Amino acid sequence: MLHYFANPTRFQRLSRRVEPWLLTAMLVCFGAGLYFALFSSPVDYQQGHTVRIMYIHVPAAWMALFCYTAMAVAAAVAMIWKHALADVAAKATAPIGAAFTFLALVTGSLWGKPMWGTWWVWDARLTSVLVLFFLYLGYMALRDAFDEPGRGARASAILVLVGFVNVPIIKFSVDWWNTLHQPSSVLRMDGPTIHADMLTPLFLMAAAFQFYYFWLVLVRIRRELMVNRTRALRHRQASG
Amino acid sequence: MSAFAVLFRREMRLAMRQSTDSFMVIAFFVVAVVLFPFGVGPEPNMLARIGPGVIWVAALLAAMLSMDRMFMGDYEDGSLELLVLSPVPLELVVLVKVLTHWLTTGLPLIVTAPLLFVMMNVPEDIWPVLLMTLLLGTPVLSLLGSVGAALTLGARRGGVLLSLLVLPLLIPVLIFAVGAGDAVLYGAGAKANLMLLGGMLLGALALTPWVTAHALREAVA
Amino acid sequence: MENSNTIVSMTEHAGYVWPSYGVAALVLIGLVVVSLRAFRKSRAQLKRLEAQMPGKSDEA
Amino acid sequence: MAVFSGRDIDCIRGERQVLSAAAFSLESGGALTLRGANGAGKSTMLRLMAGLMRPVAGTITWDGVDIADDPHEHNARLAYVGHADAVKPALSVLENVTFWGELAGAGGMAAADALAALGIGHLSDLPARYLSAGQRRRVNLTRALTSGADLWLLDEPTTALDAATTDALTSLIDGHLKSGGMAVISTHAELGLAETGTLTLGGAA
């Protein structure tokens, strides 16, 4: 299965066929999600209209973790089975993950100012997301730091995996260090505690972000494959 | 095209194509500052008190980090010899190098600083003054750093040595920059501090290119 | 606390909600634009090289 | 008719005396080949001639004026091609060559022509990081062509070059000499230049 899709040409063909569907799904979800988020959802009795920030903030935070997990899985596959495509997927994911993490931080800050009265607090959740953001940046920097691309790919794959193991530890230690953030209110064992009318925009936006990721990552992977091909041709040009 | 434009275009092109280098300086700057709340605790008043100093020290260290790169590439691949032998005055080459160093590290540091002001809970009244001190101070870092970078070319552990040489020279900049913030908080006004920083900048601008150029000629001899 | 359902009547926190959506739009659209531009550039470069190469490989 | 000459040149590198009482003289249209074993001071001699280093004793003069007295004038009339290739991997081949040409005032050949003359015209848009050692060497040599300088100082120009390029280089140097230029070349190979003097180094104890 993995080997079947690992062929770049086959991947290109498949990806080109899937992309329009993903794009459509993304646009539909964004349209519906934004309608519910901005116009057709109730105002929270505590948070007022700032609850609307949550429809971006929470899915962005989910995506931040999702992308990192995807990157770690791809890096592991690339390391263990030496799949070039998995390596490219990890590389293509990093900027998207970093963008979502950035959004989670900024929207969190924009929510925190009216609610907590400050743009930033050194609270456990915020801090661990900030650390996650640094991990993304570190990955991209390390990846780019070598003249020989293979070296950067291998080194950064190791970094992602080390980070993956370390993130829960960071999270735990920071939790212990200081906390102010409210507890999770959607993904709980006893069911969500927030109003169902708010779940609709939340999940629509989450789906939109998810489709956004899959569409964009395919585009970026195809681009990386072309870059690799260009590099191969450049080598031939130099030696020919 | 003038020699300045030719040199500037090359330096900017090189900097742009290796933009992760300058991005890493910024990341270092942010990470170094972010470590402090973990070290001293997240108490907002305490962070506000140490904020300006921490941010300035981190900016100093971040700028030093990128400094040994200023001439190293050209030194290693032989370009520096050719720049010394070019009909263009070496002082101009140095000025262009310093300018691009500032544009790719100093300026991004200034742009990033407000973010850290927020995170360190720095009072908003002194933001403009602190930004002014950074605007006047970071070019001094690049200028004095260029002297150190030229002097340590080819030395063993050049990077560490460079920081060791240049950081003490930058203490006055640090004192007057952080002092400017305090002066505003105590209602004294920061004009005197800013004037002093401006004076240091002009002095550095007048003197360091010649010193650096001389050191570079030594380095390739 | 006011009870309106729509964002049109949102007054007190509009200054925080709109920037959130604005930043999100900016970042997400920006990333798409950057990615697509890089994609087109790489594709054009590859096309150009592939057009040059066949003759080259015959010489080699 | 310019005269480039040096006499009684002593030079110490590190703790070692590399040159002692070396002398040379060169007129417009003339070439000088530096010979000698490795470490005999060929590179040092070229660096002295370029003005990168100063001799401990002795003088190097251009039309009777010590080059140390007017380094800017001297820089404007020389093109130095050293061991290091001064090629920036991040720039394209053409960007690399154009930069040095423009910096020298672009009195010589156009960058594209210079690349073609050394047989690497087809690589001009290639990022220089893809170049082989021989190709980098040729990019480095183009600087002499684009500079429009009177005096070429070439340090082992034929290393990593194939026979065809060496011939091309020889005829380029010949052309330069015919148009009234000068060249000093350190080499192990026999270039077959039409008119050349030889300075053999390595006498220093």
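This report describes selected contacts, elements and salt bridges in a predicted model.

## Basis of the description

Residues are numbered from 1 along each chain as its sequence is written, and chains are lettered from A and ligands numbered from 1 in the order in which they are written. In this predicted model local features need pLDDT of at least 70, side-chain atom pairs count only at pLDDT 80 or more, and totals for chains, interfaces and linings use all residues, while side-chain values use heavy atoms, with hydrogens and water left out.

## The contact of chains A and B

Chain B contributes 13 residues and chain A 12 residues to their contact (heavy atoms within 4.5 Å). The two chains bury about 1300 Å² between them, 82% of it on carbon and sulfur atoms; buried area is the accessible area (1.4 Å probe) that two parts lose on being put together, summed over both. B:Phe38, B:Pro42 and B:Met119 supply 39% of the area that chain B buries against chain A, more than any other three residues.

Between chain B and chain A there are zero salt bridges (a side-chain nitrogen of Lys or Arg within 4 Å of a carboxyl oxygen of Asp or Glu). Two residue pairs are in polar contact, both at pLDDT 80 or more. A polar contact is a pair of N or O atoms within 3.5 Å; within protein, one must be able to donate a hydrogen and the other to accept it, and residues adjacent in sequence count only if both atoms are side-chain atoms. On the side of chain B that touches chain A, the elements giving two or more residues are helix 2 (19-40) and helix 6 (90-119) of chain B, and helix 2 gives the most, with eight residues. Helices (H or I, at least four residues) and strands (E, at least two) are DSSP runs, numbered from the N terminus.

Buried means under 20% relative accessible area, exposed over 50%, and partly exposed in between (1.4 Å probe, protein chains only). The buried residues include D:Val93, D:Phe99 and D:Trp100. Their cover includes helix 1 (3-17) and helix 5 (79-85) of chain B, together with helix 4 (111-117) and helix 5 (133-147) of chain D.

Chain D also holds an open sheet of four strands in the order 2-1-4-5, with antiparallel pairing; two strands pair if DSSP finds at least two bridges between them. The edge strands are strand 2 (16-27) and strand 5 (65-66) of chain D, each pairing on one side only. Strand 1 (residues 3-13) and strand 4 (residues 57-62) of chain D pair over five bridges.

## A buried threonine in chain B

B:Thr152 lies in the loop between helix 7 (127-151) and helix 8 (158-169) of chain B. B:Thr152 is buried, with a relative accessible area of 4%. Its side chain reaches the backbone oxygen of B:Ala149 at 3.5 Å.

## Salt bridges

Over all chains the count comes to 20 salt bridges. In one of them A:Asp87 joins A:Arg143, the closest N and O atoms being 3.0 Å apart. A:Asp87 lies in helix 4 (residues 84-116) and A:Arg143 in helix 5 (residues 124-144) of chain A, so the pair ties together parts that are 56 residues apart in sequence. Both A:Asp87 and A:Arg143 are buried.

In chain B, a salt bridge joins the side chains of B:Asp21 and B:Arg69 (3.8 Å, N to O). B:Asp21 is partly exposed, with a relative accessible area of 24%, and B:Arg69 is partly exposed at 35%.
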